[in-house]
Structures are given as structure tokens and as C-alpha cells.
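Dear colleague,

Please find the structure below.

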Amino acid sequence: MKLIKTLLLLLISINFSCKGKLSKSDISKDSKAPKIEIPVMETSKASSMAKIWIDSTTGHKIEKLVNRTGDNRSFYFHNNPFLKSKDGNSDLMIFSGSTETGDQFFTVNLKTKAIDQITTKKGNKRGEIVGTKTRKVFYTIQDSIFATHIDTHKTEFIYKFSDAIIGSVTSLNADETLLGGALITKEENEIFKKNPKKSDYFDKIYEAKLERSLFTINVNTKEFNNIYSENAWLNHIQFSPTDPDLLMYCHEGPWHKVDRIWNINLKTKKNEIIHKRTVYREIAGHEFFSPNGNTIWFDLQIPRGETFYLAGKHLDTGEETRYALKRDEWSIHFNISPDLKTFAGDGGDEGQVAHAKDGMWLYHFTPKGDSLVSKKLVNMKNHDYNLEPNVHFSPNGKQIIFRANFEGSTQIYAVDIEKPTL
């Protein structure tokens, strides 16, 4: 048996050697363990099968973060998927994985790579909401909201929408007492059903100007509260990570036709626009809070598709910061590091708004003056951007986590920001 294992390891080593030059991993110099050789490969289906490799174009180490059968999907870029393990010694990431009973939520330990299935209820789950204090994941199945404890896997019923309304929740406030979401009309729901592709429903929903309402549900008392209504496509709902009374939302639709980013205070009901258009066809969008809650960052183009910035509105001072980007550096989504010093972007193909000729990369950005200096981390030429990568910084700030379809299925990867020591 030992002989068979030795032969298998030898075959794997030979196979990796044929893929490209080998690099030493960044193992501690004090370690007595043998150096692990990592294949240098083009980021593709073959490299994904290898599970760990160095991108032959960028020189950065990438690893397949989740190893389980089926599709595995990391969270949308502004939904926090991280919390500490129960013992506090490592970080967990929540993700969604396909199973025979529908999508289920799992954790992956970012240190050990151990996977634990959290939910078991049948049916596909809507919502990517993690309570780091209560250690619960919240989600909707059909017309009902549930919460499952991440450690015990105990599931509790939260709320059932009446037959007269169609609702969904997308965010949890800072003290984890309120879920926030939107109500839509049955007429709008029919438009979605008849036009399942975004390219088909996007303009139709915007032009319909049907009523939407923002609401909250108290997790403990189950109280439902309609806080704001408008004949507009209210979307992208996010609670502040620090202020439990502050809710951000957007007017969805073609960005050059809407005043997109808004905050509403739950106590005063005051509505405030975050960025006002200054020229014709100027756009701002894909907004997200900084982890400390004092800044809202967003993609800014003045005008659309011409001049590119990552901009941030400081909520206390009202000051707006702008970092200029080159066309090829524009990204569908941006994110900010835990220490608030650097940014990440997931790039885009030529069909996106920037029409970049060479934009299919994952980027790490460092501010320098009024611009961002970019570093390419992953060559995404073998990725289909119909699946948006949705970058996240790891909790320790050393990796960028993203989803991709190099294998032909959706999988989750992590790339090191720093190159390995050779």
C-alpha cells in the first residue's frame, strides 16, 4: 500500500513538472518540513484541477479555496461572508454550494480548509446575510425567512410574508436586530418570470416604474415596518456596518438615467442622496460601505464610459475622495482592505461599460496621490464574465477571494497579494 501511494505521489509530481517551471512556496525558513513545489501554470481549467498554482502571467499564487463536488459560490461583493471560528483561532467564510436538496450554506475554515454544511432545509435560498455577533446565517425560502446557527446548525423560523405581498431580505443592521429588504408588486414579479435574463428584464423593470417599498423586520419581536415607498426600482439595500439606524439603497436602472445612491435614517426617515450628477451621462454605482462605516465607496464615471474613478463620500464631513483609474483597470466591483489602505477590483471583459481592450484581470490597487496604482494578480482570460468574480479581501488582508468558472463550473479561489518567496 505504501508503495502504491509513493508511486501516485511521484506521478503527480511529474505531471506538475510538465506544466511549467516550479517555484518554492513561502514556507517559513524555520520549518523543517520539505519545501513544497508549486506548478507555474496558465490560470485555466487545468490549473484549477491542480488546486494550487502560480499564475504564469502575474507570478502570484492562487489556490482553489473550496474542494467539494458541485458548484460553489462566494458572496456578492458587499455582503460580508467572514467571522471567527468558534474557538477564535481562525477565520470562517460562509459560501453557497449546490446539493441534491437545493443550494445550501457551508463554512470553510480559511486556515485548515475544513468544510462544514450549515443548512439542510430543502429549497433554494435567497439572501447572503451573516450575523457575526449572533453567529447566524439568515435566508429566505419561497415566502419564509429562517436563521440557522453557524455552530449548532439549529434553525429557527423568523417571518412569513403574507400572500398579498412579495418580499425579500438582503441585509442585517449593525446590532443584528433588524433585517432590511424590499417589497415588490406581483406585476413586477411577472416581468421577472417572463424575462429571466438580466439583459431582458433590466430596462423593462426600470421603465415600468412600479411601486417598491423598503421595510424592516425585527428579528426578535417579528415586527414588520414599512419605512419608505416610491414608484421606482429600489434595490442594492445595505445597512451600515456600524450605525444600526442607517440604511443605504439605490434607484436601480440604467445608471445614466437615475440618481442612484441614497441613505435613509430609520428614526428620522430623512432621505439623503450620496452623489449628485455634475455632467450629462455621469454615472455612480456599485456602492458599498467601508468597514468602519464612515465612507460609501462607488464606481464613478464622468461621463459614462469615458473617465473612470473610484470615489468615496465621507458621511461625517461630506467630503468626496476620487482616485483616477485607467480604462483597462476599471472593474465591475471594487472592495477595500480591512486596514482601509488598499483596494481590489475584479476587472471586466470588452462587453462591459468601459469597453476595455485588456481588462480581464484581478487587480490590487494602492492609492498614490489622486490615482490608483494597479498590480495584476490573476489573468482572467479563461473566465466567462457572465459570472462576476465579486472580490473580497480575506480577513487578514493577505489574499483576494473571488469566484470564477475556469473549470466550467462555479468555484471559489484565493490569490495571494504578495508574490511567493522563491
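Which residues of helix H4 (residues 198–208) are buried? They are Tyr201, Phe202, Ile205 and Tyr206, where buried means under 20% relative accessible area, exposed over 50% and partly exposed in between (1.4 Å probe, protein chains only). Helices (H or I, at least four residues) and strands (E, at least two) are DSSP runs, numbered from the N terminus.

Two remarks on the basis of these notes come before the rest. This is a predicted model, in which local features need pLDDT of at least 70 and side-chain atom pairs count only at pLDDT 80 or more, while totals for chains, interfaces and linings use all residues. Residues are numbered from 1 along each chain as its sequence is written, and side-chain values use heavy atoms, with hydrogens and water left out.

Seen down the axis of H4, its buried residues fall within an arc of 125°, so they line one face of the helix; the arc is that of the directions from the helix axis to the C-beta atoms. An α-helix has 3.6 residues a turn, so residues three or four places apart point the same way. The face of H4 turned away from the buried side carries the exposed residues Ser199 and Glu207. The buried residues of H4 pack against helix H3 (186–194), contact meaning heavy atoms within 4.5 Å.

Ile205, in helix H4, is buried, with a relative accessible area of 5%. Leaving aside neighbours within four places in sequence, Ile205 is in contact with Glu188, Ile191, Phe192 and Trp233. Just after H4, Lys209 takes a positive phi of about 50°.

In H3, the buried residues are Glu188, Asn189 and Ile191. Viewed down the axis of H3, they fall within an arc of 155°, so they line one face of the helix. Glu187, Lys193 and Lys194 are exposed on the other side of H3. The cover over the buried residues of H3 includes S14, strand S15 (178–184), H4 and strand S16 (212–218).

The largest nonpolar core

A nonpolar core is here a set of buried Ala, Val, Leu, Ile, Met, Phe, Trp, Tyr and Cys residues joined through side-chain atoms within 4.5 Å. The largest has 38 residues, of which Phe343, Val378, Met380, Ile400 and Phe402 touch the most other members. Among the strands that each supply at least two residues of this core are S24 (308–314), S25 (320–325), S28 (361–368) and S29 (371–379). The largest share, four residues, comes from S28. Not counting residues up to four places away in sequence, Met380 touches Met360, Trp361, Leu362, Tyr385, Pro389, Phe402, Ala404 and Phe406.

Cavity and pocket

Rolling a probe the size of a water molecule over the atoms shows where empty space is left. On a 1 Å grid over the protein atoms alone, a cavity is a set of points where a 1.4 Å probe fits but cannot get out, and a pocket is an open set with protein on both sides within 12 Å along at least five of seven lines; lining residues have an atom within 4 Å of a point. Grid points are joined across faces, edges and corners, and a volume is the space filled by probe spheres set on the points.

The count comes to one cavity of 30 Å³ or more. The largest cavity has a volume of about 80 Å³, and the residues lining this cavity include Trp255, Asp259, Arg260, His275 and Glu282. The lining divides into five nonpolar, one polar and five charged residues; Ala, Val, Leu, Ile, Met, Phe, Trp, Tyr, Cys and Pro count as nonpolar, Asp, Glu, Lys and Arg as charged, and the others, Gly among them, as polar.

The second largest pocket has a volume of about 930 Å³. Of the 38 residues that line this pocket, His78, Asn79, Asn80, Pro241 and Pro291 lie nearest its centre. S10 gives the most to the lining, with four residues. The lining comprises 18 nonpolar, 15 polar and five charged residues.

Backbone features in loops

A cis peptide bond joins Ile302 and Pro303, with omega about -10°; Pro303 is found in the loop between strand S23 (295–301) and S24. Lys113, although not a glycine, has a positive phi of about 70°, and counts as partly exposed at 27% relative accessibility. Leu340, in the loop between S26 and S27, also has a positive phi of about 70° without being a glycine.

With kind regards
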